[in-house]
Amino acid sequence: MSKTLHLIPVPLGDSANEVWLPSAVQQQASQLSFFIAENAKTARAFLKQMGTERPLQDITIHQLDKHGTPKKQIQQWLQSPEAEHGIGLVSEAGCPAVADPGAVVVSLAHDLGFTVKPHVGPSSILLGLMASGLDGQNFCFHGYVPKQADEQSRTLKQWEHNSKKQRQSQIFIETPYRNPALFDALLKTLDPSTRLCVARSLTTPDEWVRTHSVSQWRNQTAPELNKYPTLFLFQASA
């Protein structure tokens, strides 16, 4: 019987587990004593909130290096005796291995003959797309936008060109404290007819989602986005 790598979603923000995580997933996660995490501190906080069958001090959590964990190191984790009873993979927020360094863990687990079990939980990318009203059949997630103003402007214009040519929704994020500056840049850079969605703090009490044309956004008060996790989406007019 093959070993199992459980892909366990974690919260997108401060909200009760029962709001976003099925009870069956909570039960499975609570039984595991071996985890690989993007951020060990975040993982411990999640496990403490959820509750575990074993004391937290008896649970092993290996942290992935943000600069890239050597594959040999990950293979050693996957092949350790503790892995025989199952491994949990958790992200810093949302679903593991989607816009997340955990993807390399999943790839190596397949190579080693693991059963890979994805569990239901929140993905900000899919939730934001669902709520945006933009094209959900053809879309592209870019991750973070460039920081430098000139490069950022060129990139946004290129994404808008791609959106118009391919009839494709564009999805991206920014470091939360830079959200207001990015929102201003979007209003200055994009065509007035392009539809822009702002999805803030999904699944939390501060959740707020709105889609308007850039022209409409320009004529209203900017939303409060500073330090809130926010997903941005837009689609250019064909």
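Analyst: H4 passes H5 in a right-handed crossing, where right-handed means that the near helix is turned clockwise from the far one by less than a right angle, and left-handed anticlockwise. Helices are DSSP runs of H or I with at least four residues, strands are runs of E with at least two, and both are numbered from the N terminus. The model is predicted: local features need pLDDT of at least 70, side-chain atom pairs count only at pLDDT 80 or more, and totals for chains, interfaces and linings use all residues. Residues are numbered from 1 along each chain as its sequence is written, and side-chain values use heavy atoms, with hydrogens and water left out.

The contact (heavy atoms within 4.5 Å) is made by Lys 71, Ile 74, Gln 75 and Leu 78 of H4 with Val 104, Val 105, Leu 108 and Ala 109 of H5. By class, six of these residues are nonpolar, one is polar and one is charged; Ala, Val, Leu, Ile, Met, Phe, Trp, Tyr, Cys and Pro count as nonpolar, Asp, Glu, Lys and Arg as charged, and the others, Gly among them, as polar.

Elsewhere, Thr 4 is found in strand S1, residues 4–7. Thr 4 is buried, at 18% relative accessible area; buried means under 20%, exposed over 50% and partly exposed in between, with a 1.4 Å probe and protein chains only. Leaving out residues up to four places away in sequence, Thr 4 touches Gly 86, Ile 87, Phe 114, Thr 115 and Lys 117. Phe 35, with neighbours within four places set aside, has contacts that include Ala 29, Leu 47, Ile 87 and Val 90.
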